[in-house]
Amino acid sequence: MDSQYHIFSPYRVCPLGAHVDHQHGLVTGFAIDKGVDLYFDVRSKKEDGRGESLVVLKSETFTGDVSFDIAAPTLVKQGNWGDYARGAKFALQKRFQLKTGITGTIKGSLPVGGLSSSAAVLIAYVMAFAKANNITLAPFEVMKIASEAEREYIGLNNGLLDQACIALGKKDHLLMLDCESDEYRLIPKAENMPEFELGIFFSGLTRSLMSSDYNLRVTECKTAAWIVQAYENVPLKTHDKTFLRDVPETMYRRHRDEMPPRFARRAEHFFGEHKRVREGITAWETGNLEWLGSLSKASCESSIHNYECGSPELIAIYNAMLTTDGVYGGRFSGAGFKGACIALVDPAKKEQIEKEITEKYLEQFPQYKNSFKVYFCKSDDGARFVEG
């Protein structure tokens, strides 16, 4: 496209650290070489007679054009794909005066679901609006602003994991983020590590996190922390300031059997995942893909049984992965209600992996014959302006 600027904002996959970012846990992830492309021009005063403060957007995925005034106060959500652009404006407006809009087209390279396309889109808009208004933002600031847009405007109570992978990611590096302190490490691939790629298996079911049990699970985790603290007579904070990370595991173990089982399971997942992430970093640093894969499988088992997410479709893909040669391990991607599964795979066995998993899945769910998709991708750098 013949535009002034082009931003590539990657999707992300997270081998370990499922459902713990919103509880201030430890998470890991990669930016991948598939994502969102935003092509745009900065508007000028006389453009199409409507002035420089207008934002005019087209999407190659969704129908209808979106337009709004970037200088005006942000309107409430409109319930369409333009809400992500409005959310980016909303979060930026809290910090900066915005005067100049853009004319742009956005497109995604994979189906929506499980790869955090919403965070990728938000980051692209934050970077574009900052560029148009001569605002310089470090990747960490882009990540924070996009996360605020998703929580406060879109209304999804997620942590920083998605935005961190997308904004900070680096090719052939595993990102480890501590969601309590916001400290992060980019850990290079070990020299002795065999080649691997990331398999992505789309169930064919699309999803909306807002209509899934995502926010309910967040509340259950916070309630689990509250229950343990109440048993211990620890002064309680308001729900929005309560996190499982604030509860020592020994304290939880003392009260696990007295707690309502639903809340004990949520806490069990959190503490188990914390341990798996720490072990997974060692596996990555020592080039041990089998170990990393087995931890990713254990993470998915806990997501199914302790966190209780996963549609029958996702569980079928996961079970198919378990018995397929060349798959080191994997788990549900994203919130794990519909979306996709991801796996660490041996690139030499890609064709056979795709064939086997497709056959096993469609045997159970033939209705997704036209929408089930398999992709293979590699790690990549984070969101950036593309030259030329």
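Me: What makes both faces of strand β6 count as covered?
Reply: His173, Leu175 and Leu177 are buried on one side, and Leu174, Met176 and Asp178 are buried on the other. Buried means under 20% relative accessible area, exposed means over 50%, and partly exposed is in between (1.4 Å probe, protein chains only). Six of the six residues of β6 (residues 173-178) are buried, so the strand is largely enclosed by the rest of the structure. A strand here is a DSSP run of E with at least two residues, a helix is a run of H or I with at least four, and both are numbered from the N terminus.

By the way, this is a predicted model: local features need pLDDT of at least 70, side-chain atom pairs count only at pLDDT 80 or more, and totals for chains, interfaces and linings use all residues. Residues are numbered from 1 along each chain as its sequence is written, and side-chain values use heavy atoms, leaving out hydrogens and water.

Me: How do you know that β2 and β6 pair?
Reply: Pairing takes at least two bridges found by DSSP between two strands. Strand β2 (residues 26-42) and β6 have four, in the antiparallel sense. Gly29, for instance, has Leu175 in β6 as its bridge partner. Five bridges also join β6 to strand β7 (residues 184-188), again antiparallel.

Me: Why is His274 called buried?
Reply: His274 has 17% relative accessibility, so it counts as buried; the cut-off is under 20%. His274 sits in helix α7 (residues 261-285).

Me: How do you know that the length of α7 agrees with what a helix should span?
Reply: The expected span is 1.5 Å times one less than the number of residues. For the 25 residues of α7 that gives 36 Å, and its end C-alpha atoms are 36 Å apart, so the two agree.

Me: Is Tyr375 buried, partly exposed or exposed, and why?
Reply: Tyr375 has a relative accessible area of 22%, so it is partly exposed. Phe202, at 4%, is buried.
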